[in-house]
Amino acid sequence: MHPTAKQQKVNTMINKLIAFGLCLILALATLAAMDLGSSVEGKESAGNTVSYIIREPFRINSNADFPAYANGGGDGSAGNPWVIENYEIDGTGYGYCIYIGNTTEYFVVRDCLLHNASGINDLNFYWNSGLALYRAQNGEIANCTVVNCEFGMSINMESNNILVHENIAKFNGDSGLYIVNNCYNNTITNNTAFSNKCGILLENCNLQHVFNNSVINNSYYGLHIFGSHNNHVEQNNASLNGIAGIRISSGQSWNNTIEENIASENDDAGIAIASCNDNTISNNTIYGNSHGFSVTNSGFTRIDRKSVV
């Protein structure tokens, strides 16, 4: 018995549905396999502008360790630094994503996505940081994103001559960028730190040049200088923070220069100065805060009237 024209149309429709279902199942299986593969070391996944290489966290604890991890080559000289690039690293359970310590050779870390550093808060070394430097010299950190760590980046314990630029630090539990413990001559420029507790924190470190950064929408401070002196902070945008745009505190904070910054729409003060002396505040643009300035228990602070709008 031959099928009627109506039955033929029904059969054709059923066959098309079966074929569509099989294609859908195949597509879902492929996506699942791709997602599973993303956790395998060496698997590449497309980022916005970078094809990241997924790998586990690693430690460089001397100059001799650089060749094993410098996937971009180099020899450690000023003209040909070691290059670490294009990694995506999940630091869950390690306390860091990339750790570099006790090194003097030149190096660059660039175009990396570092996230979820947690599990080991070793205050001497790791700090639960996406990138942790400890007694590291002559480094450059560029175009990296650090997210969902306790500290996005920590530059610690006599880490000197480090250039940090064009990075993004966001959604970190404490500071986006933390420079601490006798670090000298570091340059922090053109970075963006938002939705952290503090955007940039300088603690017990000196001779830092912090300029042209955007430190916005952090729950405490955009930029905090604590127990540090002879630092130059200029041309930063410290706005929309939960307490103050820029804060200087502790008796050891002296001879810092804060100039030509924007501090606006912070919940309390544009610039807050507490328990410190002999700092210079000049030519800043300050508006829309509950207080333009908050000065407590501090003396010999020079405030240029041009700093208030």
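**Strand pairing and salt bridges in a predicted model**

Colleague: In strand 22, which residue is the bridge partner of Tyr-221?
Modeller: This is a predicted model, in which local features need pLDDT of at least 70 and side-chain atom pairs pLDDT 80 or more, while totals for chains, interfaces and linings use all residues. Residues are numbered from 1 along each chain as its sequence is written, and side-chain values use heavy atoms, leaving out hydrogens and water. Strands are DSSP runs of E with at least two residues, numbered from the N terminus, and two of them pair if DSSP finds at least two bridges between them. Strand 20 (residues 221–226) runs parallel to strand 22, joined by 5 bridges, and the partner of Tyr-221 in strand 22 is Ala-244.

Colleague: How many residues of strand 22 are buried?
Modeller: Buried means under 20% relative accessible area, with over 50% counting as exposed and the range in between as partly exposed (1.4 Å probe, protein chains only). Strand 22, residues 244–249, is mostly covered, and its buried residues number 5 of 6.

Colleague: How many residues apart are Glu-85 and Arg-110?
Modeller: Their side chains meet in a salt bridge at 2.9 Å, N to O, a term for a side-chain nitrogen of Lys or Arg within 4 Å of a carboxyl oxygen of Asp or Glu. The pair links distant parts of the chain, with Glu-85 in strand 4 and Arg-110 in strand 7, and the separation in residues is 25.

Key: Helix = DSSP H or I, 4+ residues; strand = E, 2+ residues; numbered from the N terminus.
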